[in-house]
Amino acid sequence: MMYVNNKQMVLPGDLLCTSDFKSGDGTFLEEDKIYSEIVGITNFNENQITIIPFKNKYQPHYGDLVIGQITSINYSSWYLNINSTYSGYLTCSELFGKETQNLKNIINVDDILLLRVDYVDEINRVKLTLKYKGLGKFNQGHIINIKQPTVYFLTEENLSLTNMIQNYSNTDLIIGKNGVVWINGSSEDSENAIIDLINFIDEKPCTPSRVNKIQEKIIELTKE
């Protein structure tokens, strides 16, 4: 039995459903009932309930595509801000094997990289990797942050909208699971238009009723 609707905002302790469903991320089971443990948006998927966190901080998971910024460098690793409570690190062996190198000659502080999460250990150290096709350093474009429900909305629930934005605006768009978005348009005006659009989507929880309005705004991009 469900006590809340799908895509409804909930608070910690809110009753969600009975144990006929499986308890997923952001929930807990108590006396055959499932409750929310965080502020977020409900997501019923077949027989499981999860909560998409309504916050900017990201919880890393293996395989996630993320965008990170270099914050510091030591003799063997780069350390990155990945928009999480936990920082990430990238070892020099990712690029050079085990040879000693001057890492600053390759990637420096403030550089922005596209990476994947390779491993999260028991104390939440996040090892990152570049060993997948298409990963590396960004040399142009703009970076903005979005909330976790918007990440889910644009990368899983409504991926067609993300493709539509790129097709209508002739803009490259990469949305990291950590809520960091890279935008690279054909001109500064086109980039600014996409930034405004993404900020509009991020303003409030993305319910189905907003999809038509978002589509209208995307189509308007071709008229500017």
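Which residues touch the most other members of the largest nonpolar core? I began there. Leu161, Ile165, Ile183, Ile198, Ile201 and Ile218 do, in a core of 23 residues. A nonpolar core here is a set of buried Ala, Val, Leu, Ile, Met, Phe, Trp, Tyr and Cys residues joined through side-chain atoms within 4.5 Å. Buried means under 20% relative accessible area, exposed over 50%, and partly exposed in between, with a 1.4 Å probe and protein chains only.

**Ground rules.** I am reading a predicted model, where local features need pLDDT of at least 70, side-chain atom pairs count only at pLDDT 80 or more, and totals for chains, interfaces and linings use all residues. Residues are numbered from 1 along each chain as its sequence is written, and side-chain values use heavy atoms, with hydrogens and water left out.

Helix 2, helix 3 (159-169), strand 15 (172-175), strand 16 (180-184), helix 4 and helix 5 (208-220) each give two or more residues. Helices (H or I, at least four residues) and strands (E, at least two) are DSSP runs, numbered from the N terminus. Helix 4 gives the largest share, seven residues. I also found another core apart from this one, with 21 residues, among them Ile67, Ile107, Leu114 and Val180.

**Strand 16.** I turned to this strand next. Five of its five residues are buried, so strand 16 is largely enclosed by the rest of the structure. I checked each face. Val180, Trp182 and Asn184 are buried on one side, Val181 and Ile183 on the other.

I then looked for its partners. Two strands pair if DSSP finds at least two bridges between them. Strand 14 pairs with strand 16 in the antiparallel sense, over four bridges. In that pairing His142 stands opposite Ile183. Strand 15 also runs antiparallel to strand 16, and four bridges join them. There Ile175 has Val181 as its bridge partner. Strands 15 and 16 form a hairpin with four residues between the strands, and Gly179 takes a positive phi near 80 degrees in it.

**Helix 2.** Is this helix mostly buried or exposed? Seven of its ten residues are buried, so helix 2 is largely enclosed by the rest of the structure. I listed the buried ones: Gln148, Pro149, Thr150, Val151, Tyr152, Phe153 and Leu154.

**Asp202.** What does this residue touch? I noted Asn145, Ile146, Lys147 and Thr150, not counting residues up to four places away in sequence. Contact means heavy atoms within 4.5 Å. Asp202 sits in helix 4. It is buried, at 9% relative accessible area. Its side chain makes a polar contact of 2.6 Å with that of Thr150. A polar contact is a pair of N or O atoms within 3.5 Å; within protein, one must be able to donate a hydrogen and the other to accept it, and residues adjacent in sequence count only if both atoms are side-chain atoms.

**Salt bridges.** How many salt bridges are there? I count five, each a side-chain nitrogen of Lys or Arg within 4 Å of a carboxyl oxygen of Asp or Glu. One of them joins Lys147 and Asp202, at 3.7 Å from N to O. Lys147 lies in the loop between strand 14 (142-145) and helix 2 (148-157) and Asp202 in helix 4 (residues 188-202), so the pair ties together parts 55 residues apart in sequence. Lys147 is partly exposed, at 22%.

Asp111 and Lys137 also meet in a salt bridge, at 3.6 Å from N to O. This pair links distant parts of the chain, 26 residues apart: Asp111 is in the loop between helix 1 (93-96) and strand 11 (112-120), Lys137 in strand 13 (residues 136-137). Lys137 is partly exposed, at 36% relative accessibility. I noted Asp118 with Lys127 too, their closest N and O atoms 3.1 Å apart. Asp118 is partly exposed, at 26%.

**Ser36.** I looked this residue up in strand 5 (residues 33-36). Ser36 is buried, at 0% relative accessibility. A polar atom of its side chain lies 2.6 Å from the backbone oxygen of Ile38. Its contacts include Val10, Leu11, Pro12, Phe28 and Ile51.

**Cysteines.** I searched for disulfides, pairs of cysteine sulfur atoms within 2.5 Å. The structure holds zero. Cys17 is buried, at 0%, and Cys92 is buried, at 11%.
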